[in-house]
Amino acid sequence: MDDDDVSARKGSFRKFLEHLSGAGKAIGVLTSGGDAQGMNAAVRAVVRMGIYVGAKVYFIYEGYQGMVDGGSNIVEANWESVSSILQVGGTIIGSARCKAFRTREGRLKAAGNLVQRGITNLCVIGGDGSLTGANIFRKEWSGLLKELAENGDIDREEVQKHAYLNVVGMVGSIDNDFCGTDMTIGTDSALHRIIEVVDAIMTTAQSHQRTFVLEVMGRHCGYLALVSALACGADWVFLPESPPEEGWQENMCIKLSENRARKKRLNIIIVAEGAIDTQNKPITSEQIKELVVTQLGYDTRVTILGHVQRGGTPSAFDRILASRMGVEAVVALLQATPETPACVVSLSGNQAVRLPLVECVHMTQDVQKAMDERRFKDAVRLRGRSFESNLNTYKRLAIKMPDDQIPKSNCNVAVINVGAPAAGMNAAVRSAVRVGISEGHKMFAIYDGFEGFAKGQIKEIGWADVGGWTGQGGSILGTKRTLPGKSLEAIAEQMRTHSINALLIIGGFEAFEGSVLLAQAHDSHQEFCVPICIVPATISNNVPGSDISMGSDTGLNVLVETCDRIKQSASGTKRRVFIIETMGGYCGYLANMGALAAGADAAYIFEEPFDIRDLQANVEHLTEKMKTTIQRGLVLRNESCSEHYTTDFIYHLYSEEGKGVFDCRKNVLGHMQQGGAPSPFDRNFGTKISARAMQWLSTKLKEAQGKGRRFVTDDSICVLGISKRNLLFQPVAQLKKETDFEHRIPKEQWWLKLRPLMKILAKYKASYEVSDPGQLEHVHHRGHEEPAAI
C-alpha cells in the first residue's frame, strides 16, 4: 500500500499533482553570484521535485559560466545526485561571476548549449544581478534561436520545438537585500554565524570591560547589522539605509559612557560594511574604534566577521525555506505559458508567493537610488515594513529617554512567564519591560508563573535590570505549568495589592488556557477585568492563534543539528536506520518540520493517524533504499503520536523486519530541545512581538483613561501571533472554538500543508496542494495590516 492510497483514505489534500506532468520537459538549475547557505537545499528540492513529476533535470555547474562553456558543465542529475547535500553550506554545483554572459555572443553560446539538451525551463538561484541576467536571456531567447538556426548551429525544427524559455528565480543572498521577499535563502544562517560570534565575544568582553566594534556583511543593505543588533542588544548600530544624524560621534560616546555608568561591563557596536554618514561618506570600523579610544579611553577591539558569515551549515529555517521555494519553483515552471513573465518565488509572512521578477528588481534598484540621492527615509520605507519595524523597535529598546521626559501613565503592567521554558522568553521580557517604561508605565515582574503570582512573588523591574537578557536561554523569571484555577482568589488579591492594570503573559498552551480561566472569572473577580495579551512561547508550537511560537525555531535547530550528526554516524556504518523521538506533546510540528529540514524518510505524528500497514510500507521503502548508494535511514516520531505504536515498538518492528538488510538504533532527544541559547529568529521574534504586545496594552489603557472602564469585552484578552501574512490580535473567546483542549492543539494547523513536501523529497508518492495555475501577485507595500515577517 503506497502513501497515495493512505492520503486518499484520509482525504488530507484536495489538489493532486496529476495535472502537473513534467514528461518531455527539461529543467536546468544553476546557482549564481555569491554563495549562501541553503542553496544546496534549494537545488535538492528542484532536482527531486522535477524528477518526481517526470521531468529531466540538469545541473548547470559554475553558474552562467558553465552555461556558456557547455560540455561537461551541463549534466543530467538523478535522485542520488542530491543525497546528503541538505546540511552542506555553499553550493555543490558551484557559482562564478561570468563576463561572457553579459554579452550577446556569450548568451548565444549559452542558448545553443541549452537547446542541445532540450532545456527550456531555467531555475536560477542567486541575487538580483543573476536574476536580471536570466530575464534578459529569456527576452532574447527567440532571437537567439533564430540566429543559431541562421548560423547552421541548430535546425529549424529545434527553433519551433524550443520556441520559448521559462524562468523562475529564487533569491540566495545572505544580505536579505532583495525587495519582494521577507527572507532570502542564507540570511537566517548568516545571522546564526554572527550571533555565535557575538555571544562568544560578550563573555570575553565582560571579563575585561571592553568595547567591541563588530563589522558584518551588507555593502548595500543593513539587514544583518540591524537584526543582529536587535538580537544581542547592541549599544549602537550603523546601517547604509539609515545613517546617524549629524553629531553622532558625541551622541554615541555619551550613550556608551551612560551604559558604563549603569554598571554595564561591555559595549557592543555593530557596523554594516556599507555604513555611511548623511553625506554618503563611509563610516569604517577602524574610524569608530579610534573615536572611542580618543574620546573615552576605553579598551576597544575590532572584529571583522567577513566570509565566516557565508559559511557553515544552513539553519533549519533556511533548509525549510529553500525546500519550499525549490518545490514551488518547479510547480511554477510547469504551470508557465509563453505569456507568463519571469517570476521569483518569495516568502510573504508564512506563505510562498510568486512575484514578477522585473517588479522585484526595480524596487530593489529603487532602494539604492534613494540612498544615492540621500533620501534615507524613502530607502528604509522601500526596504519593506519588516525592516522599518526592526529599526523602530531597535531605537526604542536601545536608547532610554531621561525619566523627566517620559510622560507617566500611572499604570502598572505586569509580565509573567507560563508553561515550559522556551528560548526567546528572556528577550521578550526585556523588550516588554523597556517598551513599557518608555510608554510611561511602572513595570512589574512576576516570578515562577501563576504559582508565584498567587504567593506574591512580584517585584518592580527597571530598564537596567533586563540588560543582557536577549541571549540567555530558558526563563530568568522562572516558569511553571500550573494553571491559575485553584489560586484565582489569591491572584486577584495580588493584582489588587499591586494595582495591576494590565497583564502580559508569555508562554505556551498553559498561558492560553490560563487566560481562558481568567476571562471566565471576570464576574467573580473584577481585578481580572484588565487588558491581557498572550505572546506564544513554546517549542511545541501548539498555541492557538499563531502559526509560529517563540522557542520553536531554537528547538527545531537543536533537533536538526542532532539529526545531522546521527546521519553522519549512519553514513559511516552503512545500512543503519535511526528512529528519533522528538518533544511536542500531541503537536507534530517539531517532528514534521524537523524531518523536512533533516531529510528524514518518515515522520510519525498524531495529526495524521497511521497503522501497521503504513509502518510496513515505510520498512519496505527503507529496504529498497538500502539497495542504492544512500545506505542510511532517518525516522522521526512525535512523542504522543500514538498510544500503542511507541518508539520502542517501532524500533523493534523495524529491527525485526529489516533483519539482514539494515540494523536499527533509537534516540530520545528529550529536554535538550528546550535548552541552549535562543536562535537569532527567536530573539528577534520575541523582541518584536513583545514590543507590539506592549503597544497594544498601552493603547487599551489610554482608551480607558479617566473612564474607569472595566475590560470585559472579548477583545480585551487576546493572543498576538503570526497568521499567514500578518501579525494579528485574536480574542481568546474566539480561539476557544478553534481549539482541541483534550490534545492541546489548534484544530487546524498550517504546517500540515507542508507534510507532503517531506514525503515527496523522500521519494514517496504523495498528493500535494499546488498554487493556482500561474498565480502571480504584484509587489506592493501592505496596507494597514501588520507584516508578519521577522
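**Sheet, helices and selected residues**

Author: In this predicted model, four strands form an open sheet in the order β18-β19-β17-β20, with parallel pairing.

Reader: Which strands stand at the edges of this sheet?

Author: Neighbouring strands of the sheet are turned by 20° against each other on average, direction ignored. Two strands have a single partner strand each, so one side of each is left without a neighbour in the sheet. The strands at the edges are β18 (602-604) and β20 (663-668).

Reader: Which residue of β19 is the bridge partner of F578?

Author: Strand β17 (residues 576-582) runs parallel to strand β19 (residues 632-638), and 7 bridges join the two. In β19, the bridge partner of F578 is L634.

Reader: What angle does the direction of α21 make with that of β19?

Author: Helix α20 (residues 589-598) lies across β17, β18 and β19 and runs at about 160° to β19. Helix α21 packs on the sheet and touches β17, β18 and β19. The direction of α21 makes an angle with that of β19 of about 155°.

Reader: How many residues of strand β10 are buried?

Author: In a regular strand the side chains alternate between the two faces of the sheet. In β10, C343, V345 and L347 lie on one side and V344, S346 and S348 on the other, and both faces are covered. Strand β10 (residues 343-348) is largely enclosed by the rest of the structure because its buried residues number 6 of 6.

Reader: Which residue in the turn between β10 and β11 has a positive phi?

Author: Strand β5 (residues 166-171) runs parallel to β10 and is joined to it by 3 bridges, with V168 paired to C343. With strand β11 (residues 351-356), β10 pairs in the antiparallel sense over 6 bridges, and L347 stands opposite A352. β10 and β11 form a hairpin with 2 residues between them, and the turn residue with a positive phi, about 60°, is G349.

Reader: Is R107 buried or exposed?

Author: R107 belongs to helix α4 (residues 104-116). Leaving aside its neighbours within four places in sequence, R107 is in contact with A100, F101, R102, I136, F137, E140 and L144. Its relative accessible area is 10%, and buried means under 20%, so R107 is buried.

Reader: N176 and R744 both have a positive phi without being glycine; what is the relative accessible area of each?

Author: N176, with phi near 55°, is in the loop between β5 and α7 (187-208). R744, with phi of about 55°, is in the loop between β23 (739-740) and β24 (745-746). N176 is buried at 8%, whereas R744 is partly exposed at 27%.

How values were computed
Residues are numbered from 1 along each chain as its sequence is written. This is a predicted model: local features need pLDDT of at least 70, side-chain atom pairs count only at pLDDT 80 or more; totals for chains, interfaces and linings use all residues. Side-chain values use heavy atoms; hydrogens and water are left out. Buried means under 20% relative accessible area, exposed over 50%, partly exposed in between (1.4 Å probe, protein chains only). Two strands pair if DSSP finds at least two bridges between them. Axes are lines fitted to C-alpha atoms, for helices over the stretch in contact, and angles run from 0 to 180 degrees between N-to-C directions. Contact means heavy atoms within 4.5 Å.
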